[in-house]
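Have the sequence and the 3D view open as you read.

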Amino acid sequence: MDIYRTDRIRNVVLLGHGGAGKTTLVEAMAYLSGMTNRLGKVSDGNTVSDFDKEEIKRGFSISTSVVPIQWDKMKLNILDTPGFFDFVGEAEEAVAAADAAVIVVSGKSGVQVGTQKAWDLCEKYKLPRMIFVTEMDIDNVSYREVVESLTELYGKRIAPLHMPIRENEKFVGYINIVKNKGRRYIEKDKKEECEIPEYSQEYLEKYREILLESVAETSEEFMDRYFGGEEFSVAEISAALAMNVHEGSLVPVCMGSPVNLQGVSNLLDDICGYFPSPKERERAGIIKNTSEIYEANYDFTKAKSATIFKTIVDPFIGKYSMIKVCSGVIKSNDVLYNVDEEIEEKLNKLYVLEGNKPIEVPELHAGDIGAIGKLNSKTGDSLATKATPVMYGKPEMSVPYTYKRYKTPNKGDVDKISQALSKMMQEDLTIRSENDSLNHQTLLYGMGDQHLDIIVSKLKERYKVDIELSKPKVAFRETIRKSSDVEGKYKKQSGGHGQYGHVKMKFEPSGDLETPCVFEQIVVGGAVPKNYFPAVEKGLQESVLKGPLAAYPVVGVKAVLYDGSYHPVDSSEMAFKMATIMAFKKGFMDASPVLLEPIVTMKVSVPDKYTGDVMGDLNKRRGRVLGMNPDHNGNQVIEADVPMLEIYGYSTVLRSMTGGSGDFSYEFARYEQAPSDVQAREIEARAVKESDSED
């Protein structure tokens with residue numbers, strides 16, 4: 001592949017709802033640019049960007065892939081992202097590396113929740129964007145309706161560049177609104193000039209007016225000419241549009257049928273003409289040792305620096321760190337300094353990836369996207385020179401809140417699974433594995449149930465190991481509400497030295513639910529010798545790990561040793577420890593024991609129209625709604641305290657209730673006494689489990 005200077009590069013992320021046609025569009029781009037000599041199909045599992053076995057099996061994108069398209073002497077790094085919400089982390093990584101976005105909208109389905117989420121991501125990263133409406137070849141698809149929906153949501157910024165020409169409901173051509181000319185397709189992507197149909201005139205005038213107004217607003221001279229009734233030239237309109245697209249004040253809308261290669265070459269031309277090169281984007285970091293701001297701004301004359309925006313760890317193709325060069329020119333034999341880890345990394349080879357196909361290149365200029373094999377670095381790390389150690393901000397990633405317990409059917413696979421998950425977590429920052437030692441379970445976190453299913457499937461397919469997912473145990477706690485006064489005596493006589501330990505203890509609530517047990521001793525007269533106090537304390541420490549009520553950890557107990565007795569020969573530390581354990585069990589059960597359940601504070605962000613349904617559902621989950629505030633994006637943020645027990649599976653329920661537009665997050669707040677029915681059910685369930693097998 002040729003080497004491209006910064007001004008000849010365009011980094012474009014494709015975003016949109018799942019199934020809108022992003023991968024099909026990339027395939028059409030690759031074919032038209034000559035990268036491939038056949039047009040692959042998602043349904044056939046032979047596209048450039050969906051190469052993973054899981055993607056082929058399921059028929060949708062799971063990971064972001066980079067496809068470098070060479071078009072009109074430019075290099076277009078196209079980042080094809082998944083549209084389904086469980087893989088939002090992939091889209092977030094891609095958006096952080098892009099300089100502009102094409103939001104793909106299905107002409108058939110229209111503007112969907114994923115369209116709006118894509119727009120919000122572009123707003124967050126201040127990305128110039130275009131909208132491409134696909135599936136125009138389908139009968140009765142209404143481009144006008146899509147444009148009206150977009151205008152309703154985003155106002156005057158929406159500016160169509162093309163309009164379809166239909167004959168007998170069939171898509172046969174388009175009107176170029178900038179040039180004010182009609183084009184008819186002959187043989188898929190080939191076209192010829194044609195008359196503009198009469199029925200299109202009304203909307204053509206309306207859409208052209210939007211474009212001309214935006215051109216007029218770029219300068220006072222243009223404004224005077226516009227009001228004077230002067231015509232702008234095509235070159236003037238194009239230059240003004242490019243300026244407005246860069247600023248984000250205008251969002252062009254194009255359309256076509258990638259399956260038939262229609263409208264795709266227009267889109268590639270528009271990407272080259274209207275989107276900024278990295279040179280026109282700002283990028284700043286911080287010099288680590290001096291804390292000075294470093295204006296990299298994709299300047300190839302400055303010191304070398306880059307960020308790793310994504311990691312690929314594949315058992316077959318190996319490990320690749322996807323980089324975006326922020327300044328300088330990185331060469332294949334460079335030694336780069338990992339500023340985060342403070343280690344030097346020798347580069348052996350530099351690549352650009354065409355989907356999963358690595359192509360070696362000698363160098364990458366500022367603003368370009370490429371890959372380095374076998375680095376020790378991870379996603380988010382900054383690479384630079386030791387002399388100029390620039391550190392860049394890491395991409396903001398969504399936090400996974402959906403989790404399940406996982407077990408290994410084959411005990412010999414534990415290490416393999418741990419290593420495999422570690423590799424998958426390098427690749428996907430929205431996967432988390434956690435050892436919950438207090439409840440003797442390992443937890444797997446992801447963005448939703450589908451995400452977790454795919455993790456299990458990948459473990460089996462890629463790494464040949466199995467795990468079983470199940471409902472996690474909730475981290476209940478046990479405590480007491482009253483006081484008790486008990487004694488525990490451990491006495492054994494079996495010839496020779498016996499065992500004797502005797503304690504009298506009081507138990508009461510400590511008032512501190514953060515601490516398992518507070519121990520005090522007020523023994524007088526040496527009834528229990530001082531050297532046995534540590535044994536009593538050890539007995540308490542062991543007892544609080546599994547409470548007598550339902551084998552959950554104990555919190556908030558104060559234990560006071562006030563009396564007891566000992567035997568000068570038979571007493572031992574072990575005997576006093578056992579006596580304490582006996583006393584604890586009895587004392588705890590005599591002091592009105594209760595189960596405490598964890599409460600989380602949850603924030604649910606939903607469009608106004610769903611607030612009633614969501615609040616009703618939270619009430620069903622024993623939630624207490626604390627308040628509701630608008631987020632100024634047309635959403636309400638509902639805040640509620642909800643028992644942890646009730647939020648299992650909430651991600652799926654919220655999505656189905658809000659059509660995918662609802663988001664939620666939560667954090668642990670405190671422990672509260674569980675209602676009697678929950679308590680009874682939990683004690684019974686735990687008793688059954690304990691009798692079946694010890695975890």
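Contact here means that heavy atoms lie within 4.5 Å of each other. With that in hand, please note that this is a predicted model.

**Helices H14 and H15**

- Helix H14 covers residues 611–620 and helix H15 covers residues 650–658; their axes come within 10 Å and cross at roughly 150 degrees.
- Because angles over 145 degrees count as roughly antiparallel, H14 is roughly antiparallel to H15.
- The crossing of H14 with H15 is right-handed.
- From H14, the residues in contact are Asp 613, Val 614, Asp 617 and Leu 618, and they meet Tyr 650, Val 653, Leu 654, Met 657 and Thr 658 of H15.
- Sorted by class, this contact of H14 with H15 holds six nonpolar residues, one polar residue and two charged residues.

**Helices H6 and H8**

- For helix H6 (residues 201–216) and helix H8 (residues 234–247), the axes come within 9 Å, with a crossing angle of roughly 75 degrees.
- That angle makes H6 roughly perpendicular to H8.
- H6 brings Arg 208, Leu 211, Leu 212, Ser 214 and Val 215 to the contact, while H8 brings Glu 236, Ile 237, Ala 240, Leu 241 and Asn 244.
- Six nonpolar, two polar and two charged residues make up the contact of H6 with H8.

**The sheet E13-E12-E24**

- Three strands form an open sheet in the order E13-E12-E24, and their pairing is antiparallel.
- Two bridges link strand E12 (residues 284–287) with E24 in the antiparallel sense.
- Across this pairing, Ile 287 stands opposite Val 390 of E24.

**The sheet E7-E8-E9-E10**

- Another open sheet has four strands in the order E7-E8-E9-E10, again with antiparallel pairing.
- Its edge strands are E7 (162–167) and E10 (191–194), each of which pairs on one side only.
- On average, and with direction ignored, neighbouring strands of this sheet are turned by 35 degrees against each other.
- Strand E9 (residues 181–185) pairs with E10 over four bridges in the antiparallel sense.
- Arg 184 has Glu 192 of E10 as its bridge partner.

**Strand E22 and its partners**

- Is strand E22 (residues 369–373) mostly covered or mostly uncovered? E22 is mostly covered, with four of its five residues buried.
- Strand E15 (residues 318–327) pairs with E22 in the antiparallel sense over five bridges, and Ile 323 stands opposite Gly 370 of E22.
- Strand E19 (residues 350–354) runs antiparallel to E22 and is joined to E22 by two bridges; Tyr 351 has Ala 371 of E22 as its bridge partner.

**Thr 134**

- Thr 134 belongs to strand E5, which spans residues 129–134.
- With a relative accessible area of 2%, Thr 134 is buried, because buried means under 20%.
- Which residues does Thr 134 contact, leaving aside its neighbours within four places in sequence? They are Ala 20, Val 104, Val 105, Ser 106, Gly 107, Gly 256 and Pro 258.
- The C-alpha atoms of Thr 134 and Asp 466 are separated by 40 Å, and the two residues are 332 residues apart along the chain.

Terms used
Residues are numbered from 1 along each chain as its sequence is written. This is a predicted model: local features need pLDDT of at least 70, side-chain atom pairs count only at pLDDT 80 or more; totals for chains, interfaces and linings use all residues. Side-chain values use heavy atoms; hydrogens and water are left out. Axes are lines fitted to C-alpha atoms, for helices over the stretch in contact, and angles run from 0 to 180 degrees between N-to-C directions. Angles under 35 degrees count as roughly parallel, over 145 as roughly antiparallel, 65 to 115 as roughly perpendicular and the rest as oblique. A crossing is left-handed if the near helix is turned anticlockwise from the far one by less than a right angle, and right-handed if clockwise. Ala, Val, Leu, Ile, Met, Phe, Trp, Tyr, Cys and Pro count as nonpolar, Asp, Glu, Lys and Arg as charged, and the others, Gly among them, as polar. Two strands pair if DSSP finds at least two bridges between them. Buried means under 20% relative accessible area, exposed over 50%, partly exposed in between (1.4 Å probe, protein chains only).
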